[in-house]
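This briefing sets out selected features of the structure shown below, grouped by topic. Please read it alongside the sequence and the model.

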Amino acid sequence: MVLHTPPKGTGKSLEELLAEHPDAPTGLPSPASSATHATSQVPDSDQAREFGFRVPLSKLKQHPWNARIARSPERIREIASSMAGSRQYHPLAVTKDPAEPGTYFIFDGDTRFKAAELLNWPDIWVLEGHVDASSPLDVYVQSFRHTEDTDPIPQIDMGIRWAQLISEKLATQEQLAERLGYHQATISRMLSFSRFPERIQAFMRENKERFPYSVAGVLVSAIDSRTEEELLALCQRIVTEEISRRAIESLLKEKKQTARAPRKAAVISKPIRLGESQVGMLRTYETGAIEFKVQEAASIDEKVLAELVDLLGAAVELVSTGETNLRQALINKLTAPEKAPKK
């Protein structure tokens, strides 16, 4: 009779096992060597489908569209210590790789897989799921659902993965919203994480409590106006001073107002009037800039406006020729008799 339970460990911590077997070529004792085996080792059997089976670590690989992007070494060692000291309580969720028979993609349990590698186990307990390995969206969604149930995925990992799926035309915002159960507005705001430099993303991931998507959505406006160093300093300040989202918005507004160059006063400023109403303005500045404005709503006769355009056009043409006595040249041009058209 086969007892269908996860394999028991050695009862010792990871550090104790590593100390006892520093140079062992085969590494730490495998759970498969335990007197109680997890399940049937025949993948196509009914028992294997129900209870799972053991697979050599060399036959397992991480899928590129796994929902979780980063795993801390501390978390891997924590899981490894638990697996070494007691047992593997949960199987890895895998699906067959159609391109390489006999191998499997992991869509849930990458951290346990890395822990088993750290322990140097030859094989591990897995359970096969119904996932289309050729569909990045299907793999991501299944990985997301399994992983989110055990250890919530940081919002920054969600936003980066969603942006990758969308940019590579493997999914749309509508598909992600429908399959993950999020509003499209939330999906859109989460995508802002993908716009930050990798160093900023790493800092945000380390301090994920201080950088929810609502804060990232505000900070993204600072990317174009700050260097990477300035942006990192701002993020560090948000963490150390526990700055709220509203306070961040105020900081960014202050920076924008400070950065905006003050407008210089005009050297000459002449109002254009029509009766008692001002309908425009002529200004000149120290830089040589000339500003001529007439309000759209001004009730100036169309013929007058047309003649004004002709006058300004004639002056521009003379400036383009390099004329030095512009005033006299403009008078001569305007008073010269019109030439009869050639027949």
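Serine 143 has its place in helix H5, which spans residues 136-150. The model is predicted.

- A polar atom of the side chain of serine 143 lies 3.1 Å from the backbone oxygen of phenylalanine 107.
- Apart from residues up to four places away in sequence, serine 143 touches Asn66, Ala67 and Phe107.
- Serine 192 is located in the loop between H8 and H9.
- The side chain of serine 192 has a polar atom 2.7 Å from the backbone oxygen of arginine 189.
- When neighbours within four places in sequence are left aside, serine 192 is in contact with Ala216, Gly217 and Val220.

**Nonpolar cores**

- In soluble globular proteins, nonpolar side chains tend to be buried together.
- The largest nonpolar core comprises 42 residues, and Trp162, Phe196, Met204 and Leu219 are those with the most contacts inside it.
- Two or more residues of this core come from each of H5, helix H6 (155-167), helix H7 (173-180), helix H8 (184-190), helix H9 (198-206), helix H10 (213-219), helix H11 (228-240) and helix H12 (245-259).
- H6 gives the most to this core, namely six residues.
- Tryptophan 162 is in contact with Tyr140, Leu176, Leu180, Tyr182, Ile187, Met190 and Leu191, its neighbours within four places in sequence being left aside.

**Largest pocket**

- The largest pocket holds about 690 Å³ of space.
- Its lining consists of 26 residues, of which Arg68, Arg75, Ile79, Thr111 and Asp151 are the closest to the centre of the pocket.
- At least two lining residues are supplied by each of helix H3 (73-85), helix H4 (110-119), H5 and H9.
- H3 gives the most to the lining of the largest pocket, with four residues.
- This lining divides by class into 11 charged, nine polar and six nonpolar residues.

**Second largest pocket**

- The volume of the second largest pocket is about 320 Å³.
- The second largest pocket is lined by Leu282, Ile290, Phe292, Leu312, Ala315, Val316, Val319, Leu326, Arg327 and Leu330.
- Strand E8 (290-294), helix H13 (302-321) and helix H14 (326-335) give two or more residues each to this lining.
- H13 provides the largest share of the lining of the second largest pocket, four residues.
- By class, the lining of the second largest pocket has nine nonpolar residues, one charged residue and no polar residues.

- Most residues other than glycine have a negative phi.
- Lysine 169 is placed in the loop between H6 and H7, and counts as exposed at 76% relative accessibility.
- The loop between H11 and H12 contains glutamate 242, which is exposed, with a relative accessible area of 58%.

Key. Residues are numbered from 1 along each chain as its sequence is written. This is a predicted model: local features need pLDDT of at least 70, side-chain atom pairs count only at pLDDT 80 or more; totals for chains, interfaces and linings use all residues. Side-chain values use heavy atoms; hydrogens and water are left out. A polar contact is a pair of N or O atoms within 3.5 Å; within protein, one must be able to donate a hydrogen and the other to accept it, and residues adjacent in sequence count only if both atoms are side-chain atoms. Contact means heavy atoms within 4.5 Å. A nonpolar core is a set of buried Ala, Val, Leu, Ile, Met, Phe, Trp, Tyr and Cys residues joined through side-chain atoms within 4.5 Å. Buried means under 20% relative accessible area, exposed over 50%, partly exposed in between (1.4 Å probe, protein chains only). On a 1 Å grid over the protein atoms alone, a cavity is a set of points where a 1.4 Å probe fits but cannot get out, and a pocket is an open set with protein on both sides within 12 Å along at least five of seven lines; lining residues have an atom within 4 Å of a point. Grid points are joined across faces, edges and corners, and a volume is the space filled by probe spheres set on the points. Ala, Val, Leu, Ile, Met, Phe, Trp, Tyr, Cys and Pro count as nonpolar, Asp, Glu, Lys and Arg as charged, and the others, Gly among them, as polar.
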